[in-house]
Amino acid sequence: MPHPHLEVRRAVRAELADVPPDGAVLVACSGGADSLSLAAALAWVAERAGLRAGGVCVDHGLQTRSAERARTTAATLAALGLDPVETVHVDASNGPRGPEGNARTARYGALDAAAERHQAAAVLLGHTRDDQAETVLLGLARGSGGRSLAGMPRRSGRYRRPLLDLGRETVRAALPAGLTAWDDPHNADPAYARARVRHRVLPVLEAELGPGVADALARTAELVRADADALDAQAAEALAAVIDTELPPLEGYQLPVDHLAKLPRAVRWRVLRRAAVAAGSPATDLTAAHVLAVDALVTEWRGQVGIDLPGGLRAVRHDGALHFSTRR
């Protein structure tokens, strides 16, 4: 078996193979073992590949001494040779999505801004195969459909996850000697669903079904993602066929029910979700239940008055077409 250092470095090098020499890359680092191991591998790879590599440490302000930890982590990244290194403080204490959702929104906003400032071609995230397995289980529990079961993408815009094929143990074993990682207490707090999945659900599955459950879930995510991508492409084509305009916004346009009814269900559901999001419904709040309720306006029409959707929208059927409009 290759040494963990080699596996992590190889994964980072492969993920950055398309970044031109002297291109800029940032790593998001919380100070935890996974992201710190990733940061060390990036520093090693960047020096040999001629890349400019920096780091961003986001302080969410949700824990005691979090600002101090962010500064300590930034100093560690600088000692590894990363430059520039930024510490960004955000306020995730208020917002509509709870502590986890608010923190995520604030974190990605800070990372986007840092990437723009430094014209970074990529921002690396330290999610591992175990994180992917947890994400799939959480998606399964929510019943959110195939896209949530597809887990986290390896790439999404500027964001890249080079460690998705590596287990958490391998990544943490690659942490260079002398580096001390911070263990976030939220990762063990049963108040958080992900912590319960990590420390209770997955161990039970491994004990009852045998080892390899996390690997199987991660493989499932990859297979489902390929299917979901193909269906999303079909849905985009189907929507474009009836909407002669660029998206968004969609409000004011009509989706012919006859056309929708002829589509395969998997494609039609995606068309309806895409249409609702384009009209202004937040993608993070629009659930499978909402989409199924809108679909009933197409397939089980009995004079329903309409469906209320997140974002202050309402879907109604009128004169043989679906309309998305702002609730009055």
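Predicted model: local features only at pLDDT ≥ 70, side-chain atom pairs only at ≥ 80, totals over all residues.

Biologist: At what angle do the axes of H5 and H8 cross?

Modeller: Helices here are DSSP runs (H or I, at least four residues), numbered from the N terminus, and axes are lines fitted to C-alpha atoms over the stretch in contact, with angles from 0 to 180 degrees between N-to-C directions. The axes of H5 (residues 129–142) and H8 (residues 193–209) come within 10 Å. Roughly perpendicular covers 65 to 115 degrees, and this crossing is at roughly 95 degrees.

Biologist: How many charged residues are in the contact of H5 with H8?

Modeller: Contact means heavy atoms within 4.5 Å, and residues including Asp131 and Glu134 in H5 meet residues including Arg194 and Arg198 in H8. Asp, Glu, Lys and Arg count as charged, Ala, Val, Leu, Ile, Met, Phe, Trp, Tyr, Cys and Pro as nonpolar, and the others, Gly among them, as polar. By class, the contact has eight nonpolar residues, one polar and, for your question, four charged.

Biologist: Is Asp131 buried or exposed?

Modeller: Asp131 lies in H5. Buried means under 20% relative accessible area (1.4 Å probe, protein chains only). Asp131 has a relative accessible area of 8%, so it is buried.

Biologist: Which side chain does the side chain of Arg198 make a polar contact with?

Modeller: Arg198 is in H8 and also counts as buried, at 16% relative accessibility. A polar contact is a pair of N or O atoms within 3.5 Å; within protein, one must be able to donate a hydrogen and the other to accept it, and residues adjacent in sequence count only if both atoms are side-chain atoms. At 3.2 Å, the partner of the Arg198 side chain is the side chain of Asp131.

Biologist: How far apart are the axes of H11 and H12?

Modeller: Two packed helices are described by the angle between their axes and the distance between the axes. H11 (residues 265–279) and H12 (residues 288–299) pack at an angle of about 110 degrees, so they are roughly perpendicular to each other. Their axes are apart by 10 Å.

Notes
Residues numbered from 1 in each chain as written. Heavy atoms only, no water. Helix = DSSP H or I, 4+ residues; strand = E, 2+ residues; numbered from the N terminus. Parallel < 35°, antiparallel > 145°, perpendicular 65-115°, else oblique. Buried < 20%, exposed > 50% of the residue type's maximum accessible area, 1.4 Å probe, protein only.
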